[in-house]
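Look at the sequence and the structure before reading on.

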Amino acid sequence: MRLVSYLGDEDGGTGLLVGDRVIPLFDGFLAGLDLDPDSLDDFRRRAATLHGATGIPLDEVELVAPIPFPGKIVCVGQNYSDHVAEQKGEVRPRPLLFSKFANAVIGDEEPIVRPEGCHALDLEVELAVVIGTTANRVAREDALDHVAGYLVVNDISARDWQGVPVALAEGQIGDGQWLRAKGSDTFLPMGSVLVTADEIPDPQDLRLRSYRIPGSGPDDGGRMLMQEGTTADMIWSVAELIAFISRSITLDPGDVIATGTPSGVGVFRDPPVYLVPGDRVRCEIDGIGWVENPVIDWSDVDDDDDDDHDDREDPSLDPDDLDELVGGR
């Protein structure tokens, strides 16, 4: 199944994407309780009975991030050998983990905001894994049984704050850790479609690519291919990552794992290529979909946009609406 979360004229819902139409399944956005095997089987049965249903034209709804409020977002750094090589590094003895929070999640076409003081914004196309059943100390051979589905995400990164030497201005130092560099607002664009695991027989056989679309200059509006790779080149597979992470961090339904990026990111090009306001950035994974977003500067975010973003990020502002939208069927 290809599941989407959407906003209509009056409310939100979860639906099945079929061609250019959305067939509603229930009111409210996807949440962890909707992703266990029994719930997904129920969706399949309901979808079968809706076969041939007219549904809603895509242009009459707004697709949002399929998991707008993930519980945990566990990210993996340096998980492709070619990405390690382009930064003249060495393969680590175990996965390098870091985290983002729900404030970073945005959907397709929402703006990526370059924050105040950042001058080296970069992109990273990644396969994201959505957990469907609790995983605690699971074995590698059982790990994929805990996966509900897959997404395409963009791990936006502030390379100067991250401390990458080539991105630092004279006298500047990085933060010493990656939380601000990777976890700032809008730094995890998420594709509109969650593809259930049964449609992806081998997550290690997917091609992925990213593009920068300049907003000015001689290449204005053209796609500049930045990354092109395959998940077959992961150092640690999806199953190995789930097994490793779950040894010390219990993974719950609705948690997201961003599994790393191939080579071609902007900071390690000669000369470096960074995202600037006016650009667009697009990430794609074959068989799953894409996410494309404009880039704006923090100073271009008006007060109304701030208010809208705050309302979306902080569900405590309106608990009644949250209960209705998130798992509110």
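The paragraphs below follow the salt bridges of this predicted model.

Side chains of opposite charge can pair when their charged atoms come close. The structure holds 21 salt bridges. One of them joins the side chains of Asp 255 and Lys 72, with an N to O distance of 2.9 Å. Asp 255 sits in the loop between helix 6 (238-246) and strand 18 (256-258), and Lys 72 in the loop between strand 5 (62-64) and strand 6 (73-77), so this contact ties together parts that are 183 residues apart in sequence. Asp 255 is buried, at a relative accessible area of 2%, whereas Lys 72 is partly exposed at 25% relative accessibility.

The side chain of Glu 240 meets that of Arg 140 at 3.3 Å, N to O. Glu 240 has 26% relative accessibility and counts as partly exposed.

A further salt bridge, 2.8 Å from N to O, is formed by the side chains of Glu 292 and Arg 280. Glu 292 lies in strand 20 (residues 289-297) and Arg 280 in strand 19 (residues 280-285), twelve residues apart. Glu 292 counts as buried at 12% relative accessibility, while Arg 280, at 24%, is partly exposed.

Methods. Residues numbered from 1 in each chain as written. Predicted model: local features only at pLDDT ≥ 70, side-chain atom pairs only at ≥ 80, totals over all residues. Heavy atoms only, no water. Salt bridge = Lys/Arg side-chain N within 4 Å of Asp/Glu carboxyl O. Helix = DSSP H or I, 4+ residues; strand = E, 2+ residues; numbered from the N terminus. Buried < 20%, exposed > 50% of the residue type's maximum accessible area, 1.4 Å probe, protein only.
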